Amino acid sequence: MMRFHVLTIFPGMFDSPLSLSIIARAQKQGLVEVNLHNIRDFTHDRHNTVDDYPFGGGPGMVMKPDPLFEGVEHVRESESLDENVPTVLMTPQGRQFNQRIAEDLSDLSDMVIICGRYEGVDERVRQNLVTDEISIGDYVLGGGELAAMVVIDAVARLIPGVVGSAESPANDSHTTGLLQHPLYTRPSVFRGMEAPDVLLSGHHAEITKWQRWEALRRTLERRPDMLESTELSPDDRRFLDELRDERERDD
Ligand code: SAM
């Protein structure tokens, strides 16, 4: 069981993504828990203020430190979590999220996630409250909620039992170090377009070989950078050399 504790000013944004498909099933099965905490509940003024003007001037507003500290402290105390529980700030300035990070996070029992809004959070939150900062890519979103949902989705599907063996993540792109091979389903001939014969042959060794080679071909075409850090067999290397020679001849 993994528990995500999310601090946000828009808990309602999580309703639909969490109530459908794999993540909904995982929660019902007790494999994943997502606890949403409204940051405004940790304010003490009439207007439940969570933001204020930036010191030094400039555009936009900054998320105040007090509700965020109180919110995280509340979660840690009420859930009996260690003060070193991974506490992640979603920010475009963080380390870039990828499948390796998702795999590491899926080993945790609890994880606190802070969703920023406005111009971002007071620097003291970054320095003294959070233990990790994650970005989901080099672009700027209006808030950390969608980014948090991306992280929750990618991490949750790696928790044993969340994804059935039929939909096993083991062959997914980035898990194997390669992009996944092309996929086909029925009908075998669709509007004159045929699925590869080998996939219909029932010959498992040949199918596995085809899938490996097509994954290598696709990765070479689209993400050659990935081949530099992937474990490759002598057969893989021979096939890639052939593909590169083919390309040179075609150029
Ligand atoms: N002014 C900030 C900056 O330049 O770094 C960006 C603030 S953004 C408008 C508001 C919030 O959205 C951020 O505090 C963060 O929580 C979230 N956010 C935006 N882009 C993100 C990304 N690529 N990854 C993760 N969180 C992001």
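This is a predicted model: local features need pLDDT of at least 70, side-chain atom pairs count only at pLDDT 80 or more; totals for chains, interfaces and linings use all residues.
V121 sits in the loop between β6 (110–115) and α5 (123–128). Residues are numbered from 1 along each chain as its sequence is written, and side-chain values use heavy atoms, with hydrogens and water left out.

With a relative accessibility of 15%, V121 counts as buried. Buried stands for under 20% relative accessible area and exposed for over 50%, with partly exposed in between, using a 1.4 Å probe and protein chains only. Apart from neighbours within four places in sequence, V121 is in contact with V62, M63, L68, L89, G116 and R126, contact being heavy atoms within 4.5 Å. A170 is 49 residues from V121 along the chain, and the C-alpha atoms of the two are separated by 37 Å.

The chain is divided into domain 1 (2–156) and domain 2 (189–250), with bounds that come from an automatic or database domain assignment. Taken over C-alpha atoms, the centres of these two domains are separated by 40 Å.

P169 is found in the loop between α6 and β8. At 16% relative accessibility, P169 is buried. Its contacts, leaving aside neighbours within four places in sequence, are R157, L158, V163 and T175. R157 is twelve residues from P169 in sequence, and the C-alpha to C-alpha distance is 7.7 Å.

H174 also lies in the loop between α6 and β8, and its relative accessibility of 33% makes it partly exposed. The backbone of H174 has a phi near 75 degrees, a positive value in a residue other than glycine. Most residues other than glycine have a negative phi, and most peptide bonds are trans. P187 is in the loop between α6 (144–156) and β8 (189–190); the peptide bond joining R186 and P187 is cis, with omega about 0 degrees.

R191 is exposed, with a relative accessible area of 74%.

Next comes helix α8, where W210 is found. W210 is buried at a relative accessible area of 16%. Leaving aside neighbours within four places in sequence, W210 is in contact with P182, Y184, P196, V198 and L199. E248 is 38 residues from W210 in sequence and 22 Å away in space, C-alpha to C-alpha.

Helix α8 (residues 204–222) packs against helix α10 (residues 234–250) at an angle of about 50 degrees, with the axes 10 Å apart. Axes are lines fitted to C-alpha atoms, for helices over the stretch in contact, and angles run from 0 to 180 degrees between N-to-C directions. The helices α8 and α10 are therefore oblique to each other; angles under 35 degrees count as roughly parallel, over 145 as roughly antiparallel, 65 to 115 as roughly perpendicular and the rest as oblique. On the α8 side, R212, W213, L216, R217, L220 and E221 meet D236, F239, L240, L243, R244, E246 and R247 in α10. The residues of this contact divide into six nonpolar, no polar and seven charged, where Ala, Val, Leu, Ile, Met, Phe, Trp, Tyr, Cys and Pro count as nonpolar, Asp, Glu, Lys and Arg as charged, and the others, Gly among them, as polar.

Definitions and conventions. Helices (H or I, at least four residues) and strands (E, at least two) are DSSP runs, numbered from the N terminus.
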